[in-house]
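Subject: Structure for your review

Dear colleague,

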Amino acid sequence: MSRRQLWTGIAALCVSLFIFVVPFVFILFMAVKDKRAASKLEFSWPTEWHLWANLIEVVEARNYMLLLAYFNSTVITVGAVSLIVIFSAMVGYILQRRHSRWNSLIWAGVMAGLMVPPAVVPTIWVLQNLGLFKTIHGMVLIQTAYGLSFAILLFRSFISTIPRDLDEAAIIDGAKPLQIFFRVILPLLKPATVTIIVVQSIAIFNDFTNPLYYLPGKENVTVQLTLFNFQSQFVSQLNLLFMNILLITIPPLIVYIFFNRQIVAGMTSGAVKG
Amino acid sequence: MKRKSHYPYWFVFPAAVIFTTLFLVPSVASLWFSFTRWDLFHAEYIGLENFVQFFKEPFLVQGMVNTVIFAFVTSGMKTVLGLLLAVLLTSGIFAQGFLRILVFFPVLVSTIGVGITFTRLMHPTKGAINIALAHMGIDGPGWLTDPSLALFSVALVDVWKGVGLATLIYIAGLASISPEYYEASRIDGATRLQQFWRVTVPLVRPATVTVITLSLIGGLRSFDIVWAMTKGGPGFSSDVLASVIYKQYQAGFYGLSTAGNVILFALVALIVIPLVSWMNRKEVEQ
C-alpha cells in the first residue's frame, strides 16, 4: 500500500464516519437517554445511561405490542420467503429447461412484476373478496406475489449453470419430475437459495407500505408499523421512539454480519451482464 | 401417444396463481376502477373525471411533478456518487473493506427508522446538522420546514440510504473490467482522469444501466421515506404520487386513488422503458 493510498483511506474514513456513523450513534445516544435529555435532540454523550429501563418500557408499551409485532413480522417473513424460494425455483427451472412460446409469456409476467407499481386499492378489493384482507396469511401471499419476479430471475440464471446430464441421469433411473426437482435440482441451488432467503427476508422484514395498506388492525401490527404508531404516542418520549428504532435495526445488522457475501451476490446479480 | 415432458408446465402453476390473483388481476382492474367513483362495493362509471381532477387540482399536479423531480435527483446522485465511491473503494486504499461495509449498511436498515432519525437531525433549531453548521458560522436552512427545500432534503436522505447499493453494483461492474485496458492506456501516457473518462466510464456501462434503471423505478415509486419524514408537507410541497395515492385512499376516494396508481404506472412506463431501450441500443452500437 502506497503512502497515498494510506492517506486517502484515512481521509475517506474520517468523512464516512461523519456521514454514515454519526446517525447511528445518534440513534444509540437518544435510545439510552432519559425523557428530558432526549427531547433536547442534542448529539451529545448521555450523562446517564437508561438502556435497560428504556428497553423494558418500550417492550411493555401498549400491552407488549412490540413482541406481538416481532411475532407477526417473523411469521410473515418466514412464510413468504419459503413460498418464494420453492415456487420461484420451480418456475426458474421450467423457464430454463424447456423452450416454447409459453416462455415469453412467463418472461412478460416477470418483467411486469419488477416494474409495475402494485395497484393498491384494487388489491384490497381482491383481498376482501377472497377473505384475505387484514389476515396474516393474506399478507404472506401478497409478499410472495411481489417477491417472485426477482427470485425467478436469480434462479433461472443459476440453473443454467447446472448441467442437463444430471436431470437425464435421474430420468434414466426412473425419477418422476417432482423427485428430480426436489432431490437433484433444489439441493444444488443452495447458493442462490441462501442469497434469496437473506435478501428477501430483509426486504419483507423492513417493509412498511404493504402492511400499512393490506394489514390494518391492532392485532396485526408489524415491526415497521410499531415505529409509526409509537411516533404519535411517544412524541414527548423520544428516548423510547429511538429505542424502538434501535431494536428493529438489530436483526438486519446481525444478518448482515453473517451473510455479507450472499447479500453482495444477490444485490449485484445481473449488474455485470446488464 | 404423446410423450409426457420431464419438465411439466404445472410447475409454474402455484407461482402463476398467486401472481395472477394478487398482482395481475388488481393491475388490470385498476384500469377500470380509475374511471369510476368507487367505495369498494359499488363502482359508478364517471369517465375521465378522476384524471381530469388529477390534472386540474394544483396540489395533485404538484405531486406528479415532485415525483419526477425526486426520481431524477435521487437517481442522478446515486449514479454519480455510486460510481465515484466505487472507484475510490476499489483503488486499494486503507480500510477499504471496512468502508464498503459502512457505505452499504444503511441499505439494510428500516426506511422508517432512517426517516425518523433524520427528521430529528434536520430540526431547524435543535437539530445536530444546523448546530454543526452554526459552529462553522453558517446559518442552516429549515431543511424540512421550508416548502422549497423539503423535497430535496428528503431526496438527500434517500440518497444517503441508497447510495450503498449503487456503489455495490458499480464495484461488481468495475471488477469485470480487464486490468489490461488500464495498462495499455498507461503505456500510451493517459492520466488517471483520462483513464476514468475513456476506460472506466464506457466499460462500466452495463452497471450504469442497472443503477439508473433500479434507482429510477425505486425513485418514482418511493413512499415510506416521504411519509416518515414530511407526510408530503409542509402543505403539499413534498407530496409524491405514492403519498397522494395513500392520502386519497385514507380519505375514501378510491377511484381517484386508483387513477393516481394508473398515472404512476404510466410515468414508470413512459420514462423507464424508452430510457432503458435507448441505453441498451447505445451499448450495442459501441
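What percentage of the contacts in chain A with a separation of 6 or more comes from residues 24 or more positions apart? In this predicted model, such residues account for 75% of those contacts.

Chain A

Chain A contains twelve helices and zero strands, so its elements, read from the N terminus on, are α-α-α-α-α-α-α-α-α-α-α-α. The C-alpha trace of chain A spans about 75 × 65 × 35 Å along its principal axes. Chain A has 274 residues, of which 45% count as buried.

Is A:Leu166 buried or partly exposed? A:Leu166 has 13 other C-beta atoms within 10 Å and is therefore partly exposed; a residue counts as buried when 20 or more lie within that distance. In sequence, A:Leu166 and A:Val184 are 18 residues apart, while their C-alpha atoms are 7.6 Å apart in space.

The nonpolar core

The largest nonpolar core holds 156 residues. Those that touch the most other members are A:Ile84, A:Met90, A:Val91, A:Ala145, A:Ala151, A:Phe242 and B:Tyr170. Helix α3 (residues 51–97) of chain A supplies the largest share of this core, with 18 residues. In soluble globular proteins, nonpolar side chains tend to be buried together.

Apart from its neighbours within four places in sequence, A:Val91 is in contact with A:Ile106 and A:Ile152, as well as with B:Phe11, B:Val12 and B:Ala15.

The contact between the chains

On the chain B side, 72 residues are in contact with 72 residues of chain A. The elements of chain B that give two or more residues to this side are α1 (13–33), α4 (96–108), α5 (111–121), α7 (150–175), α10 (205–221), α12 (241–250) and α13 (254–285). Which of them gives the most? That element is α1(B), with 13 residues. By type, the residues on the side of chain B that touches chain A comprise 48 nonpolar, 20 polar and four charged.

An open helix in chain B

Helix α8 (residues 179–187) of chain B lies largely in the open, because the number buried among its nine residues is zero. Just after α8(B), B:Gly189 adopts a positive phi of about 90°.

Yours sincerely

Technical notes
Residues numbered from 1 in each chain as written. Chains lettered and ligands numbered in written order. Predicted model: local features only at pLDDT ≥ 70, side-chain atom pairs only at ≥ 80, totals over all residues. Contact = placed C-beta atoms within 7 Å. Helix = DSSP H or I, 4+ residues; strand = E, 2+ residues; numbered from the N terminus. Nonpolar A, V, L, I, M, F, W, Y, C, P; charged D, E, K, R; others polar. Buried ≥ 20, exposed ≤ 12 C-beta atoms within 10 Å, placed from the backbone. Core = buried A, V, L, I, M, F, W, Y, C linked by C-beta atoms within 7 Å.
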